[in-house]
Amino acid sequence: MRVVEYRLPLPMEVEEYHVAQLYMVAKSSREDSEKMTQTAKKNGVGKQGVEIIKNEPYEGDGRKGQYTYKIMHIYENLPGWVRALIPSSWGKKLNVHEEAWNAYPYCKTQYKIPLFPDRFSMSVESMHLQDDGSTENPLNLSPEALKERDVQYVDIVNDPISSKDYLEAEDPKKFESKLAGRGPLTEEWRKTSKPLMCAYKVCSVEFKLFGFQNKIEKFIHNSGLRDVFFKYHRKAFCWMDEWFNMSISDVRAYEDETKRRLDEFFGADSAASELSVDASKVEQPTPAS
């Protein structure tokens, strides 16, 4: 098992990021589902992207928040060497199930792959603080866990981005918010930006597959976690003028509209009919104290 704590500094207030994160996830779900499906159709695979099964309030363990259950159709997003390990007949069935308990500023997310119930486990535990990313143990990990933890900073301005992923409109070095008066960000932005916050994400990944475990766990961390955090937090900053004046109620309405659109989009390809999920009956994780 590999455990990495990713630290993402951002030029925002913690409360601003609450809206920014929700908006980013909803908008990206719409865009990515359509883009991934265009490629999938060429290869005879069903619709790809994110289905939102549940999005509702929850209360438990002394916390209140929002519970979500999503199914991610990911076959077409996998590299060739991973697809080579999987029978082609599994393409439409290779889904990742995500459950999240968002009691902001704390959040816990768990993932499973029904095709590999005993081989795969992944969790992301997040805390959001108004600091520069220097808090030593923001999620109160045990001394044993701290010894295993690898801390990595993710810089939305200075980390490299591939040419295929680059968009000028989503470049923090070029974006300037008319509503917030922030940006463009310079190379020294982490020293000069006000406000400044940090999203701390402790990610644990285990995939038990003899001969491939280390390679697959490394791939998930690099491509499924670090790269995703990097690319989508660049978007969150550069979409600032889209979400800046939104309230939590506004963004919840946007999420509801996103779910309606995605339900229509997946239609007969939906995996929702196979499930009956009730947040009140799902075992909730024990949050960090």
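Helices, taken as H or I runs of at least four residues, and strands, taken as E runs of at least two, are DSSP runs numbered from the N terminus. The structure described here is a predicted model.

The model contains an open sheet formed by eight strands in the order 2-3-4-5-6-8-1-7, with mixed pairing. Strand 2 and strand 7 are the edge strands, each pairing on one side only. On average, and with direction ignored, neighbouring strands of this sheet are turned by 15 degrees against each other. Two helices were examined against this sheet. Helix 5, comprising residues 213–238, packs on the sheet and touches strand 1, strand 6, strand 7 and strand 8; the direction of helix 5 makes about 155 degrees with that of strand 8. Helix 7, comprising residues 248–266, also packs on the sheet, where it touches strand 2 and strand 3. Its direction makes about 140 degrees with that of strand 2.

Strand 1 spans residues 2–10 and is mostly covered, eight of its nine residues being buried. With strand 8, strand 1 runs antiparallel, and nine bridges join the two. The pairing of strand 1 with strand 7 is in the parallel sense and extends over four bridges. Glu 5 illustrates both pairings: this residue stands opposite Val 202 in strand 8 and opposite Val 151 in strand 7. Elsewhere in the sheet, strand 5 (residues 106–112) and strand 6 run antiparallel and are joined by six bridges. Within this pair, Tyr 111 stands opposite Met 122 in strand 6.

The bond from Gly 183 to Pro 184 is cis, with omega near -10 degrees, and Pro 184 lies in the loop between strand 7 (150–153) and helix 4 (189–192). The bond from Lys 194 to Pro 195 is likewise cis, with omega near 0 degrees. Pro 195 is placed in the loop that links helix 4 and strand 8 (197–207).

Asp 61 has a phi of about 55 degrees and is located in the loop between strand 2 (49–60) and strand 3 (63–73). For Asn 140, phi is positive at about 50 degrees; this residue is found in the loop between strand 6 (120–129) and helix 3 (143–148). Asn 140 has a relative accessible area of 43% and is therefore partly exposed, since this class lies between the limits of 20% and 50%.

Definitions and conventions. Residues numbered from 1 in each chain as written. Predicted model: local features only at pLDDT ≥ 70, side-chain atom pairs only at ≥ 80, totals over all residues. Heavy atoms only, no water. Buried < 20%, exposed > 50% of the residue type's maximum accessible area, 1.4 Å probe, protein only. Pairing = 2+ DSSP bridges. Axes fitted to C-alpha atoms, helices over the stretch in contact; angles between N-to-C directions. Contact = heavy atoms within 4.5 Å.
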